[in-house]
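Subject: Structure for your files, with notes on charged residues

Hello,

Here is the structure I said I would pass on. My notes come after it.

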Amino acid sequence: LKKEKEKAQNQSNDNDDQKEQFKELEAKYNELRSSNKKIKADYEDKLKSNKDKYDKLKSELEKEKEKNNAKKEKSNTKNDNDDGYKSKYEALQEKHKALKKDVKTLKNKEDDAKKIQIEFDQ
């Protein structure tokens, strides 16, 4: 009876030790679980923040691309206009040269006519 009583007492002590260990492990588990929840929440916040930054930068990039395309288009139009103006300018220069030539020819003819008139008068 004494041995059985001792055995029962030892089992009771073992059970108490196991209950204590279980409580300690449960406390550690709960601590880790709450820590993991906090880490997960921080991760999700950073993920959302980074996604927002990414979306903002992507939007800015799109605006910049549109702006550059508009500039290119304007530049191409300007170049086309410049080419048009350039060809008109060159054509006007050619006309100017031709008119100068005509004026020179007319002056020469006028001088010749004056010489002939002077010779005729004499």
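The notes below cover the salt bridges, one lysine considered by itself, and a charged patch.

Please keep in mind that this is a predicted model.

Salt bridges

The structure holds three salt bridges.

One of them joins the side chains of Lys-38 and Asp-42, with an N to O distance of 3.4 Å. The two residues lie four apart in helix 1, which spans residues 2-121, so about one helical turn separates Lys-38 from Asp-42. Lys-38 is exposed, at 53% relative accessible area, whereas Asp-42 is partly exposed, at 36%.

Another salt bridge links Lys-48 with Asp-52 through their side chains, at 3.3 Å from N to O. Here too the spacing is four residues within helix 1, and Lys-48 and Asp-52 are therefore about one helical turn apart. The relative accessibility of Lys-48 is 52%, which makes this residue exposed. Asp-52 has a value of 41% and counts as partly exposed. The cut-off matters for this pair: exposed means over 50% relative accessible area, and Lys-48 stands at 52%.

Lys-51 and Asp-55 also form a salt bridge, and their closest N and O atoms are 3.2 Å apart. Lys-51 and Asp-55 sit in helix 1 with a separation of four residues, or about one helical turn. Asp-55 is partly exposed, with 35% relative accessible area.

Lys-71

Lys-71 belongs to helix 1. Its relative accessibility is 53%, so Lys-71 counts as exposed.

Negative patch

Which residues form the negative surface patch? They are Asp-14, Asp-16, Asp-17, Glu-20 and Glu-24.

If you open the model, the pairs to look at for the salt bridges are Lys-38 with Asp-42, Lys-48 with Asp-52, and Lys-51 with Asp-55. The patch can be found from Asp-14, Asp-16, Asp-17, Glu-20 and Glu-24.

Regards

Terms used. Residues numbered from 1 in each chain as written. Predicted model: local features only at pLDDT ≥ 70, side-chain atom pairs only at ≥ 80, totals over all residues. Heavy atoms only, no water. Salt bridge = Lys/Arg side-chain N within 4 Å of Asp/Glu carboxyl O. Buried < 20%, exposed > 50% of the residue type's maximum accessible area, 1.4 Å probe, protein only. Patch = residues over 30% accessible without salt bridge, like charges linked within 9 Å, V, L, I, M, F, W, Y side chains within 5 Å. Areas by Shrake-Rupley, 256 points an atom, 1.4 Å probe, with all protein chains shown as cover. Lys, Arg positive; Asp, Glu negative; His and termini not counted. Charge placed at Lys NZ, Arg CZ, Asp CG, Glu CD.
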